[in-house]
Amino acid sequence: MRKLIFATFLIAVIVAPVQTHASKNQSEDKLRFTLVLSRHGIRPPLVAASVLGLQSSAPWPAWEVPLGFLTPHGGAAIQQMGAYMRQDFARKGLLPATGCPGSNDIYFYSDTDERNIFSSRSTIAGLEPGCNPLPVHTIAAKRHEKDPLFLPVPDTFPPPTAQAVAADQQATLGNDPAAFFSIAGNPELKELAFILAPDAAHPAAQPILSDPRPVATAATLVEDFLLEYADGKPMQEVGWGRVDETTLRRLIPLHTKGFNYITRTPLAAHVRGSNLMAHILDTLQQAAQTQHAHAVQGALGPVGARLVYISGHDGNLCNLGGILNLHWEADGIADDTPPDSQLVFELWQNLKSNQYSVRMFFRAQTLNQLRTAQALTLAHPPSEVPLTPPGCRPGQLCPFADFEKAARALLDPAYIKPDLLPTEIAPSNP
């Protein structure tokens with residue numbers, strides 16, 4: 001079996017070298033550590049149906065779980081991602097193919113939202129089936145502030161001034177900000193308007209084409225259609241039967257355009273993402289010690305952990321994408337962060353020099369994989385897109401020290417809290 005796994009790995013290297021560690025001699029490099037920053041699984045909208053319904057002529061669909069909670073189908077889909085991760089780790093030698101990892105091998109850290117905690121638990125069920133479930137760590141429930149790893153403003157840091165925000169947005173929009181939001185510049189808005197209210201005799205209470213900034217509103221509405229589709233709902237219930245996969249793919253750029261406008265601009269990315277990225281670097285630094293391993297302030301998980309999994313949100317992935325200037329196209333969609341999507345950091349050690357290098361990629365299930373919650377395997381994997389982080393060159397081995405230096409230089413120290421908040425095991429009913 002070991003020979004078969006190794007042969008499969010070599011074939012993957014030959015066919016798609018960018019998908020594996022960029023070393024001429026794979027036997028000289030060993031995967032020592034992986035950090036995964038994941039978006040939670042499929043959820044209903046975060047906004048009440050009565051509010052969303054103002055933009056549509058028909059009532060907004062009901063969901064079987066409260067607003068923002070993980071759906072049963074969402075749990076099944078992200079469990080498949082956990083099962084795939086275990087196969088991938090076994091192929092790369094980080095974890096054995098079967099059996100229960102040691103108590104310090106894997107560390108799960110989650111935001112306190114229900115969807116994050118239960119997404120983590122579903123991932124664990126796929127990652128280590130038949131084992132006593134790993135604990136999921138969150139900030140202590142007695143604390144009332146938001147976790148500054150995921151939402152640092154305004155509880156931990158004051159928000160930037162209105163003038164700074166305006167300047168940041170102006171720089172992003174360029175000399176013609178009206179074009180960014182205009183109907184002429186976003187022809188998909190007309191298609192969306194028809195889906196929301198196809199009969200002119202029965203218009204929506206607040207038609208989207210009358211919205212002064214329709215792209216911002218469209219970003220939320222289109223994602224809700226995506227969630228309906230990904231949750232496996234009957235097609236007659238996805239956008240009232242007017243949104244199929246082809247239509248959805250035409251509309252998703254409206255979502256990414258509007259969402260990235262509030263998460264990827266330089267100021268937004270640095271204010272909201274510097275603290276999380278700093279602690280990710282602390283965690284990688286702790287794992288990249290060659291001698292006399294010791295705890296690093298700000299690192300998540302114990303010394304010697306092989307995997308640290310962080311359950312966050314789409315905004316967190318976009319914030320880091322903005323800070324590190326990373327872009328991806330997965331399943332034919334650019335810079336989207338669908339449910340279960342991940343930013344993955346791998347640390348590989350050269351067995352001769354003992355030096356560490358970093359590899360980074362974006363991973364996401366396809367729309368069809370999410371909708372069907374189908375089994376993910378090495379033969380039928382999710383999408384993986386290799387990334388070139390700062391301090392690195394495309395397709396080349398990237399020393400961890402170079403990446404760390406370049407990445408830390410991009411962070412805003414005014415928005416970094418060096419120490420972590422006290423943690424506890426997540427309660428069974430968050």
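A disulfide is taken here to be a pair of cysteine sulfur atoms within 2.5 Å, and in this predicted model a search of the whole structure finds two of them. In general terms, a disulfide is a covalent bond between the sulfur atoms of two cysteines.

One of these bonds is formed by cysteine 100 and cysteine 131, whose sulfur atoms lie 2.1 Å apart. The torsion about their S-S bond is about -100 degrees, and the disulfide is therefore left-handed. The pair links distant parts of the chain, since cysteine 100 sits in the loop between H3 and strand E2 (106-110), while cysteine 131 belongs to the loop between helix H4 (114-127) and strand E3 (136-139), and the two cysteines are 31 residues apart. With a relative accessibility of 13%, cysteine 131 counts as buried, because buried means under 20% relative accessible area.

The other disulfide joins cysteine 392 to cysteine 398, with an S to S distance of 1.9 Å. About this S-S bond the torsion is about -65 degrees, so this disulfide is left-handed. Cysteine 392 is buried at 16% relative accessibility, and cysteine 398 is buried with a relative accessible area of 3%. When the bonded cysteines of the protein are numbered in sequence order, the pairing reads 1-2, 3-4.

The loop that holds cysteine 100 is the one between H3 and E2, which leads back to helix H3 itself. This helix covers residues 72-92, 21 residues in total, and it reaches 31 Å from its first C-alpha to its last, close to the 30 Å expected at 1.5 Å a residue. Of its 21 residues, 15 are buried, so H3 is largely enclosed by the rest of the structure. Just after H3 comes glycine 93, which takes a positive phi of about 85 degrees.

A further part of the picture is the packing of two helices. Two packed helices are described by the angle between their axes and the distance between the axes. For helix H10 (residues 266-287) and helix H11 (residues 314-324), the axes come within 8 Å and cross at roughly 95 degrees, which makes H10 roughly perpendicular to H11. On the H10 side, the residues that meet H11 include Ala268, Ala269, Arg272 and Met277, and on the H11 side they include Asn319, Leu320 and Ile323. Sorted by class, the contact of H10 with H11 has eight nonpolar, six polar and one charged residues.

Leaving out residues up to four places away in sequence, threonine 263 touches Ala268, Ala269, Arg272, Gly315, Cys318 and Asn319. Threonine 263 counts as buried at 3% relative accessibility, and cysteine 318, one of the residues it touches, is buried at 0%.

Some backbone features in the loops remain to be pointed out. The peptide bond from valine 153 to proline 154 is cis, with omega near 10 degrees, and proline 154 is found in the loop between E3 and helix H5 (162-173). The loop between strand E6 (333-334) and strand E7 (342-350) contains aspartate 335, whose phi is near 55 degrees, a positive value in a residue other than glycine. Aspartate 340, found in the loop between E6 and E7, has a positive phi of about 75 degrees although it is not a glycine. Aspartate 335 counts as buried at 13% relative accessibility, and aspartate 340 is buried with a relative accessible area of 0%.

Conventions:
Residues are numbered from 1 along each chain as its sequence is written. This is a predicted model: local features need pLDDT of at least 70, side-chain atom pairs count only at pLDDT 80 or more; totals for chains, interfaces and linings use all residues. Side-chain values use heavy atoms; hydrogens and water are left out. Helices (H or I, at least four residues) and strands (E, at least two) are DSSP runs, numbered from the N terminus. The expected span of a helix is 1.5 Å times one less than its number of residues. Buried means under 20% relative accessible area, exposed over 50%, partly exposed in between (1.4 Å probe, protein chains only). Axes are lines fitted to C-alpha atoms, for helices over the stretch in contact, and angles run from 0 to 180 degrees between N-to-C directions. Angles under 35 degrees count as roughly parallel, over 145 as roughly antiparallel, 65 to 115 as roughly perpendicular and the rest as oblique. Contact means heavy atoms within 4.5 Å. Ala, Val, Leu, Ile, Met, Phe, Trp, Tyr, Cys and Pro count as nonpolar, Asp, Glu, Lys and Arg as charged, and the others, Gly among them, as polar.
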